[in-house]
Amino acid sequence: MPPPSSPHSPTAKPRTRAQDRRPGGGTALRPAGKAHDWYSGGRITSHGRWFRDSQNRTLLLRGVNLCGNSKLPTTPNGSTHLNEGFFDHRNVCFLGRPFARDQADEHFSRLKRWGLTFVRLLVPWEALEHSGPGIYDEKFIDSLIELIELMPKYGIKCFIDPHQDCWSRFSGGSGAPGWTFEAAGLDITKFKATGAAYVHNTNQYPGDSPPMVWPTNYTKLAASTMFTLFWAGDVFAPNKMYQGESIQQFLQNRYLECYQHLARRVGHLDAIVGFEVMNEPHPGYVGLKSLKRYDFNTNLFFGDFPSALEAFALGDGMTLPIEVWVKSWPYPTKKERTRMINTGNESAWIDGECLWKQHGVWSVNSKTGAPQLDRPDYFTKDPATGENIDFYRFYLQFVNKYSRAIQSVAPSAFIFVGPIPNEPAPVWGPEDHEENIVYAPHWYDLHAIFNKSFDGRITHDVQSLSRGNNVFSSTYFGLKGAKKNYRGQLANVLSLGLQNVGTKPCIIGECGIPMDINQRQAFMSGDYGFHSKALDAVLSAMEANLLSFTLWNYNTTNDNTYGDHWNGEDFSIFSLDSPRASPHNTNGRPTPKSDDGPDHEAHLGGRALDAVVRPYAAKVAGEPTSSEFDYNTLQYTFRFCNYIQAPVPTVHGTVMAFETEIFIPSYHYDDTSLEILVSDGDWRYVRERQTLYYRHRNMQPGAVHSIRIRPVKGSTAKAPSSKAGLGSSSVTVEGSDIQVHSGDGSAQRQKSGLKIIGAMPEDDSCASCNIM
């Protein structure tokens, strides 16, 4: 028997025709859901640059990366300040990532309450295939399935992120299993001595470089070699074979088969919408113009910074003086000194000789004993044909293979594709895979991340600086300047991406801020004001560009001591050490447990929630044109227009195709009277669903509609339990459920605690109500 709450229950009240017609009423076959529930509108599809639901409404998705700790095994504890059992790479376990089954309700409920219900789910290659090639950790996959099967209960959908940084944990990042280095002939136990990688687990000693040095691993021997072999080993290392395959085919086939296996296991689950190709792909040495000097404008010079040639020689057992770079101003870093590396003449290669020396890239000068380049253009021209090399040629070939592999077992899956970080997107050609491709770049304020500081006074356009522009012309002042700066950078990311990739859906796969900015002062004071200002600037720029996004990150094990427990990073919007009471609760009384506002227990542990939790139009019955939230006044304004060619809903006979659903978070608005103005049509606000339903009336192609929501100053009362009919407008109040049907838009008299103010200066009527 269906539960009493089911519409099919014999005890449930029958639905009326009026209920089906009212905004947010849904239908008997498809009841209305919450704005931030991605199931109520049917399957997520796409059209042009937008995600759509089965009602052909435009979707603006937002959520989180879940989560940073998934980069690390649970056994042995993979936190990067520890090193016990680190090199025993086959005997690791990722069970309990991102969190245990018995913690799922707490974390999924919190994300639902915050409106962050679109999840980028991190599943590193190492978590699946750590024991050896073709040996999959089925118990870990079973645990993932258990969590993913729970997601529909909370309105959550997700896509799989094969996360990596700098190739692998063993080369200073995350991602690939340790045995991939063995296949390439590299000895992971020698990376510290030879400078082949900066690995936090083995480099936490006095005098070593500070935490944010980890991105420089992309230019060091271990990661650069592995990426080069993965993308283009057949071209640049044709002599390297492993288990009867070329090294490129071996590595790519194991990766493809691994994630195809995962897709076969999870692809049928309702919550899964797709698979990413690879997090932040890097070319390694492919296309590298100078093996003697990296480009300062496009690479982070920090800590020990050998050139590619010096890295080859160090890995081959030579002792060399290497430049050491430190933070500076106005440029991010400067050379401070040199220091001798590999004084013990260790080799990073299992067989004792550098792979790139074997392929004739370099040698040791017989007279001077110094390393010398024999083929300086080796990675910029095809060694066999002499043709110019373009990394994206290799990358897109792999994207095509990966897309076909995943969609062969999960035909409707989206394939999320990101560019090289901070680089333009690859240019899609007619032969490249088109079916369900999503453009998924990342964006951060790199200056704030590197310096771990934000005071709202000065920001820099790092895109402009990387193009060699003057530092002063790339500098912005104040919070308004920060928003303009970020808005412009994201506009460039979006426009150039769609130009190169084609008109495809776009989602920013990662964005966020460090939570340990400003010398970690907020950890002591509990005041996350600067964090909220920084995040508001970031998210306002996302909204101004009408972008879907997933925040980096929600980490269930974050604490104030080790942050996200990975390489000194601390980005999580949740922390076990965050204040256990909301900063809004300053009256000294115990934190209430039943209030839906900022003091609700679900918000405990949240950081910078004033900016993180914000209203947004999730499902739009048309094409969005503008979205703006002022987190100081809590005013939200949204505009959209009718489709020029009105689409026919996939699900026929439902009014939901013409309803826009807006997430209205109780965190900000629970104890506040609201003024809601619409340009035309009807609306209904259901507080307990955190949802405003809006049905526009003007159906002319291209017609523009607007919605404005703001608190009434000085108001604290909640909605009354009463019903009222006001002239040509009718008002229904059902507990916390308030509905207004707009009539001719003329000013109405106040009655029963709900005040009709009048029409916006638009062509059609409106309703403006104080919800008292």
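Helices here are DSSP runs of H or I with at least four residues, strands are E runs of at least two, and both are numbered from the N terminus. The model is a predicted one: local features need pLDDT of at least 70, side-chain atom pairs count only at pLDDT 80 or more, and totals for chains, interfaces and linings use all residues. Residues are numbered from 1 along each chain as its sequence is written, and side-chain values use heavy atoms, with hydrogens and water left out.

Stay with α2, residues 104-114. Its buried residues are A104, H107, F108, R110, L111 and W114. Buried means under 20% relative accessible area, exposed means over 50%, and partly exposed lies in between (1.4 Å probe, protein chains only). Seen down the axis of α2, these buried residues fall within an arc of 155 degrees, so they line one face of the helix. The arc is taken from the directions from the helix axis to the C-beta atoms. An α-helix has 3.6 residues a turn, so residues three or four places apart point the same way. What covers this buried set? The cover includes β4 (62-66), α4 (138-150), α18 (609-612) and β24 (659-663).

Now look at E276, in strand β9 (residues 272-276). E276 counts as buried because its relative accessibility is 1%. Leaving out residues up to four places away in sequence, E276 touches R120, F159, I160, D161, P162, Y402, F416 and H442. Contact means heavy atoms within 4.5 Å. With R120, the side chain of E276 makes a polar contact of 2.8 Å. Such a contact is a pair of N or O atoms within 3.5 Å; within protein, one must be able to donate a hydrogen and the other to accept it, and residues adjacent in sequence count only if both atoms are side-chain atoms. F416 is 140 residues from E276 along the chain, yet their C-alpha atoms are separated by 4.2 Å.

Next come two helices. The axes of α8 (residues 221-236) and α9 (residues 247-266) come within 7 Å and cross at roughly 105 degrees. Axes are lines fitted to C-alpha atoms, for helices over the stretch in contact, and angles run from 0 to 180 degrees between N-to-C directions. α8 and α9 are therefore roughly perpendicular to each other, a label for angles of 65 to 115 degrees; under 35 is roughly parallel, over 145 roughly antiparallel, and the rest oblique. Among the residues making the contact are F230 and W231 of α8 and Y255 of α9.
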